[in-house]
Amino acid sequence: MAFFQAPPQLGNLYDDDALLREYVSRTLPAAMRAEVEPEYREIGALAGGELYRAQLADRENEPVLTQWDPWGHRIDHIEVSPLWKRAQVIAAERGLVAAGYEPRWGPHARVHQFVLNYLLNASLDVYSCPLAMTDGAARTLLDSGNQALVDHAVRRLLSRDPRTMWTSGQWMTERTGGSDVGQSETVARKDAEGQWRLYGTKWFTSATTSEMALTLARPEGNPPGSRGLALFYLELRDDDGLLRNIEVNRLKDKLGTRKVPTAELTLAGTPATLVAEPRDGVRAITPMLGLTRTWNTVCAASGMRRAVALACDFARKRRVFGEALVDKPLHVDTLAGMVAETDGACLMAFLLTEVLGRVEHARRAAGGGAQGAGDSYDERLLRALTSIAKLTTGKQAVAVASEALECFGGGGYIEDTGFPRLLADAQVLSIWEGTTNVLSLETLRALTEPGLLEAFAIEVHQRAGKATDPALAGAAQAAQTAVDRAALWAADAGEDRPRLEAGARRFAMTLGRALELALLVEHAAWCGSDGHGERATAAARRFAREAIDLTRDLDRAESDALLEGAGA
Ligand code: MFK
């Protein structure tokens, strides 16, 4: 009988995720757990079964832009994939954004929201993109103090009714680029009625099917640079459903995230509302940056878990050289490294959601917006942690997805298995919402505040210090030594800006990996005290064997020589 390879399958994504179940037990109060776990289990079954099958069946459906109707009218209609339409309904009904704002679970609201998203994300074809921006827009408007816009838009962004829920875009990137946003060329001008109108081109506008967007433009006469930009709110369509002086030039032909209708737009007098001051728009949109980077981190962890789950199931089914792959020592070694990286990324992602939840809960308790906040340790930690978590997990996600493709052999390189998408979709995670290098520099900036780096180091020491099992001692020590060396390097570099910048990525990545290792040790210590720590201890020990401390200075003259030889 001819041979046919059985493809890997997914089970219940909650029941099969030992780390997530342990994390939920460790972190959420028992009464809350009793209520939310049935939903996690239900969603785990949906995401690993019906939605995963729908995703494979939907593989070739991509968004389609129709610019003209049969009678010559410009319509710029974008039709999204069937799974995206379903995702829109699931997102509202499951509260994939709303759950983060509902006061019921107090400081745990964000953890709850992101457990839901972690479970669903990899089965919803990057619908996380509009959801992340929707979340970011809600936070930005709430922090802006613009009550009229809060009343008008935020309740729609946070609706649990698919008929009324809005999503939001975030339009920042122009032809001038997505990193140095201060170069933006879009101009804001008031018309005769005093209505602001925007003129310019937005080069990457993800999820152009959203109802509203937050965007940056320079009010005429303002100075150049980011201070002269202002933050604007706009609604894309009028009451007849027609775009308001917006032309969709084309959809972007991207490596991955193919289901996301990322477009290039011309704003030709688009009516818009000023969100806050007619300047300092970059500062005003930073809550959006924080939220989309948090989503990026959770989605990186979720994508890694998906890659590992498929690779592990494949290893059980695939037989080579007389044995299942899962019995081959070298393959086991490869998979184990992937699992340890994934566990570290997951704990980092959920730590970020914990801190975010605590910060927002404290703000709510203090009566609302961002004003008056910013002083607590959590608040100051959050900014640095957001960058460190995003840049660390973005790189891990690409590495694990790439390794997973290799685990499938040739099948990993064939589009209709669905596997190549794991890598193509992971690759964006280190590019959008701040590249690794931009976030490394942002980490330096966020940690220049007096005492914050020391506090970060204490955080790593305390978490790693929870290990009492001698089996964890080496891992704990590796985390503590790495963070200490990173802190020493920063102190030694002092005000030497070129040295700081050249080493910023190695510095930030060391902080990220040291914290992940400390979290793995802390988690293993908790699991051990609960009597089942073998798996978690193995994850910490395995992670510790990979590079944690990357801090070092490299010779600038040597780097220059290398670039010269390469034509730079
Ligand atoms: C699905 C489709 C996929 C398509 C492929 C993707 C292609 C790429 C798509 C994109 O391009 S997505 C857009 C991604 N872009 C970003 O995330 C922005 C990246 N750049 C940065 O993050 C820069 O650091 C930043 C734009 C913020 C630098 O801006 P500026 O012009 O140098 O301003 P500045 O002075 O650094 O910051 C302004 C204020 O914001 C300062 O506060 P003050 O006014 O009080 O001094 C900063 O401290 C504050 N700030 C900056 N970053 C912050 C922050 N505050 C809190 N958190 C932060 N992260």
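I count two residues as in contact when they have heavy atoms within 4.5 Å. The model I am reading is predicted.

**Entry: Leu141**

I began with Leu141, which sits in helix α6, residues 128–144. I left aside its neighbours within four places in sequence and listed its contacts: Asn146, Leu149, Val150, Ala153, Val154, Met212, Leu214 and Val275. Is Leu141 buried or exposed? Its relative accessible area is 0%, and the cut-off for buried is under 20%, so I noted Leu141 as buried.

**Entry: Ser128**

I stayed in helix α6 and turned to Ser128. Ser128 has 13% relative accessibility and therefore counts as buried. Not counting residues up to four places away in sequence, I found that Ser128 touches Asn121, Trp295 and Cys299. How far apart in space are Ser128 and Asn296? Their C-alpha atoms are 8.6 Å apart, while in sequence the two residues are 168 apart.

I then checked backbone angles. Most residues other than glycine have a negative phi. Asp125 has a positive one, near 50°. I placed Asp125 in the loop between α5 (109–121) and α6. Its relative accessibility is 3%, so Asp125 counts as buried.

Glu433 also has a positive phi, near 60°, and is not a glycine. Where is Glu433 found? I located Glu433 in the loop between α11 (420–427) and α12 (436–446). With a relative accessibility of 18%, under the 20% cut-off, Glu433 counts as buried.

**Entry: helix α9 and Gly367**

I looked up helix α9, which covers residues 329–365 and has 37 residues. From its first C-alpha to its last, α9 reaches 54 Å, close to the 54 Å expected at 1.5 Å a residue. Just after α9 comes Gly367, and I read a positive phi of about 105° there.

**Entry: Glu516**

Next I went to Glu516, which has its place in helix α15, residues 497–529. Glu516 is buried, yet I found no salt bridge for this residue. Which side chain of opposite charge is nearest to Glu516? That is Arg513, at 5.1 Å; a salt bridge needs the nitrogen and the carboxyl oxygen within 4 Å. Leaving aside neighbours within four places in sequence, I listed the contacts of Glu516 as Glu341, Gly344, Ala345, Met348, Thr392, Thr393, Gln396 and Phe543.

**Entry: the whole chain**

I ended with the protein chain as a whole. How many helices and strands are there in the protein chain? I noted 17 helices and eleven strands. The radius of gyration is 24 Å, close to the 24 Å that the globule rule gives for 568 residues, so the chain is as compact as a globular protein of that length. Along its principal axes, the C-alpha trace spans about 75 × 65 × 60 Å.

Buried residues make up 54% of the 568 residues. I also looked at contacts between residues at least 6 apart in sequence, and 75% of these join residues at least 24 apart.

Last, I noted the division of the chain into domain 1 (168–280) and domain 2 (437–562). The centres of domain 1 and domain 2, taken over C-alpha atoms, are separated by 38 Å.

Note on methods: Residues numbered from 1 in each chain as written. Predicted model: local features only at pLDDT ≥ 70, side-chain atom pairs only at ≥ 80, totals over all residues. Heavy atoms only, no water. Helix = DSSP H or I, 4+ residues; strand = E, 2+ residues; numbered from the N terminus. Buried < 20%, exposed > 50% of the residue type's maximum accessible area, 1.4 Å probe, protein only. Lys, Arg positive; Asp, Glu negative; His and termini not counted. Expected span 1.5 Å × (residues − 1). Domains from an automatic or database assignment. Rg over C-alpha atoms; globule rule 2.2 N^0.38 Å.
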